[in-house]
Amino acid sequence: MTTVFPDTGVGPLLRDWRERRRISQLDLALRADSSARHISFIETGRSRPSEDMVLRLAEQLDIPVRERNALLVMAGYAPRYAQTPLDDPAMASVREGLDRLLAGYEPFPALVVDGRYDVVAVNRGIALLMEGVAEELLTPPLNAMRITLHPAGLAPRIRNLPEWRADLLAQMERQIALVRSPELRTLYEEVAAYPVPDRADRADPGPGGRDADRARERTPSFALPLVIEHGGRVLSFIASIATFNTPMDVTVAELAIETFLPADRETAAYLRERLP
C-alpha cells in the first residue's frame, strides 16, 4: 500500500516552483541526481523528500532562501537559514561593509534596500537627491518605491517618469512572482495607484523640457536612464543593482545595493561640485 503525505504540502509547492522555472521533471531529476519517478512521487505526495533532497531541489530551482525555509518546514524539517536582524551585533561586519561601500561610491548616489524596498542605508548622493521630498515620506521606515513614485516624492522631478515608473513596477512584479509576498503585493498596489503628476513641459517643451531632451541625448542607449531635476539642473543616471553571493541568512539574501552611475560628464561634475 502506498503511503501519501498530503499534509506536508511540500510536493505541490515544489511542483509550482518547477513549473514557474519551466523545467521538466526529467530535467530537474538529472540536475538533482535523482529520477523523474522520484520527483513525481514527491510532487504528488506519494514520497516524503529527505531534508537533503529538499535543499538540492531548491538549489536547482534557484528558490530564495526565505522560501527554502518554508519548503523545509512544510516537509517537516527545521528551517536551515537564520534571519538575523541587521542591527544584531552579529551583523556588525555586514553593516560596516555596506557603510564603506556607500561612502566609497560618493559623490554618486547609492543606497541599500531590503526585500520590501525599505531603505536600510543611503549615502550623501542619495540624500542630496531626496532634498524637497515631503517629510511624511522620510519618516522611518523609508521606502524607496514610495519616495520615488509618490506625487510628494521624487516623481514630479523625474523627467522620464512614465518610462521609469513602468520599469520599477515591472521590477516589483518580477519580485512578487519570485517570493509571493503579501506585503510586497500590498506595496505594489499602493504605488501603482499613485497618480502620475502632470508636467507642462511634456506638452510645451520650454527650457526645462529642452534640458531633459539634451540629457537624454547625452545618455548612452544601452540602459534606461533616470533623468531627474535637481537644483535647476537636469541630471542623468544609469542604475545598477547588486546582491550578496551565496547568502546563508535571509536578511542578507534580501539586501540589494542600488548604485546610480552618472550617465554624462555634466551630471558627474555637478555631483562633485555639490559633494566635494
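How are α1 and α5 oriented to each other, roughly parallel or roughly antiparallel?

**Before you start**

The model on your screen is predicted, so local features are given only where pLDDT is at least 70 and side-chain atom pairs only at pLDDT 80 or more, while totals for chains, interfaces and linings use all residues. Residues are numbered from 1 along each chain as its sequence is written, and side-chain values use heavy atoms, with hydrogens and water left out.

**Stop 1: the whole chain**

Show the protein as a cartoon, and you can look for 14 helices and five strands; helices (H or I, at least four residues) and strands (E, at least two) are DSSP runs, numbered from the N terminus. Of the 276 residues in the protein, 46% are buried, where buried means under 20% relative accessible area, exposed means over 50%, and partly exposed lies in between (1.4 Å probe, protein chains only). Among the contacts with a separation of 6 or more, 59% are between residues 24 or more positions apart, a contact being heavy atoms within 4.5 Å.

**Stop 2: the sheet**

Select the five strands, which form an open sheet in the order β2-β1-β5-β4-β3 with antiparallel pairing; two strands pair if DSSP finds at least two bridges between them. At the edges of this sheet are β2 (119-122) and β3 (225-230), each of which pairs on one side only. Neighbouring strands are turned by 30° against each other on average, direction ignored; axes are lines fitted to C-alpha atoms, for helices over the stretch in contact, and angles run from 0 to 180 degrees between N-to-C directions.

Next, colour β3 and β4, which run antiparallel and are joined by six bridges. Histidine 230 stands opposite arginine 233 in β4, and in the hairpin of these strands, with two residues between them, glycine 231 takes a positive phi near 60°.

Moving across the sheet, strand β4 (residues 233-242) pairs with strand β5 (residues 256-262) in the antiparallel sense over six bridges. You can follow this pairing residue by residue: the bridge partner of isoleucine 238 is leucine 261 in β5, that of alanine 239 is phenylalanine 260, and that of serine 240 is threonine 259. Strand β1 (residues 110-113) also runs antiparallel to β5, with four bridges joining them, and here valine 112 stands opposite isoleucine 257. Because six of the seven residues of β5 are buried, this strand is largely enclosed by the rest of the structure.

**Stop 3: helices around α5**

Select helix α1 (residues 10-20) together with α5; the two pack at an angle of about 150°, with their axes 9 Å apart. These helices, α1 and α5, are therefore roughly antiparallel to each other, since angles under 35 degrees count as roughly parallel, over 145 as roughly antiparallel, 65 to 115 as roughly perpendicular and the rest as oblique. Val10, Leu13, Leu14 and Trp17 in α1 meet Glu67, Leu71 and Met74 in α5.

Then bring in helix α4 (residues 51-60), whose axis comes within 10 Å of that of helix α5 (residues 65-74) and crosses it at roughly 150°. This pair too is therefore roughly antiparallel. Show the side chains of Glu51, Val54, Leu55, Ala58 and Glu59 in α4, which meet Arg68, Leu71 and Leu72 in α5.

Which residues does arginine 68 contact, leaving aside its neighbours within four places in sequence? They are Ala58, Glu59, Asp62, Ile63 and Tyr81. Arginine 68, which lies in helix α5, is buried, with a relative accessible area of 9%.

**Stop 4: a loop residue**

Finally, centre on alanine 152, in the loop between α8 (144-149) and α9 (161-179). Alanine 152 is partly exposed, with a relative accessible area of 27%, and touches Gly132, Val133, Ala134 and Leu137, not counting residues up to four places away in sequence. Its C-alpha atom is separated by 8.9 Å from that of glutamate 136, which is 16 residues apart from alanine 152 along the chain.
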